[in-house]
Amino acid sequence: MTSSMDFCGTWKVYSEENLEGFLKVMGAPEMIIKMRKDVKPVLVIERKGSDFTYTMKTPLGTRVHSFRLGKESEMTVADGRKFKCTVREKNGKLIAEAEKFTAVRELQGDDMVETITAGDVNFICRSKRA
């Protein structure tokens, strides 16, 4: 079984499928959708025991989320709205569950793949280690 320690490090997003559809379902403002379409974020994931820090860097700004596995935490989206989310580890994957979406982050070879499902929309984000 793969340890989620493998998620730690700096990742550069190179592919995003259905980002616009996902942002619309999540209620993001049109301005955010337009700006975000042309941006490929850099993700930095750090872990100490059950505590994670997830930093997303874009030209639009940097967002930092901290969470503990199995505990509900509050996170903020690009337009400032907050939501509650619980992240757990299962079969080497990180699974985040919130009211409006479920996100599964896993390693596939050298890639980190995150699949976020909101309603009937799937958003797939692929990253490589930077």
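This is a predicted model: local features need pLDDT of at least 70, side-chain atom pairs count only at pLDDT 80 or more; totals for chains, interfaces and linings use all residues.
Let's start with helix α2, residues 30-37. Which of its residues are buried? Ile-32, Ile-33 and Arg-36. They share a side of α2, because the arc they cover around the axis is only 100°. Now look at what lies over them. The cover for the buried residues of α2 includes β1, residues 9-17, along with α1 and β3. Turn to the face pointing away from that buried side. There you find Met-31 and Lys-34, and they are exposed.

Ala-28 sits between α1, residues 19-25, and α2. Is Ala-28 buried or exposed? Its relative accessibility is 15%, so Ala-28 counts as buried, the cut-off being under 20%. Who touches it? Setting aside neighbours within four places in sequence, Ala-28 contacts Leu-23, Ile-33, Asp-79 and Arg-81. One more distance for Ala-28. Phe-123 is 95 residues away from Ala-28 in sequence, and the two C-alpha atoms are 14 Å apart in space.

On to β3, which runs over residues 51-58 and holds Thr-58. Thr-58 has a relative accessibility of 17%, so this residue is buried as well. Again leaving out neighbours within four places in sequence, its contacts are Val-39 and Pro-41.

How much space lies in the largest pocket? About 1,000 Å³. The lining has 47 residues, and those closest to the pocket centre are Arg-63, His-65, Thr-76, Val-77 and Phe-83. By type, the lining of this pocket splits into 31 nonpolar, five polar and 11 charged residues.

Last topic: backbone angles. Most residues other than glycine have a negative phi. Two asparagines here have a positive one. Asn-18 has phi near 70°. You will find Asn-18 in the loop between β1 and α1. At 41% relative accessibility, Asn-18 is partly exposed. The other is Asn-91, with a positive phi of about 50°. Where is Asn-91? In the loop between β6, residues 82-90, and β7, residues 93-98. Asn-91 is exposed, because its relative accessible area is 59% and the cut-off is over 50%.

Definitions and conventions:
Residues are numbered from 1 along each chain as its sequence is written. Side-chain values use heavy atoms; hydrogens and water are left out. Helices (H or I, at least four residues) and strands (E, at least two) are DSSP runs, numbered from the N terminus. Buried means under 20% relative accessible area, exposed over 50%, partly exposed in between (1.4 Å probe, protein chains only). Contact means heavy atoms within 4.5 Å. On a 1 Å grid over the protein atoms alone, a cavity is a set of points where a 1.4 Å probe fits but cannot get out, and a pocket is an open set with protein on both sides within 12 Å along at least five of seven lines; lining residues have an atom within 4 Å of a point. Grid points are joined across faces, edges and corners, and a volume is the space filled by probe spheres set on the points. Ala, Val, Leu, Ile, Met, Phe, Trp, Tyr, Cys and Pro count as nonpolar, Asp, Glu, Lys and Arg as charged, and the others, Gly among them, as polar. The arc is that of the directions from the helix axis to the C-beta atoms.
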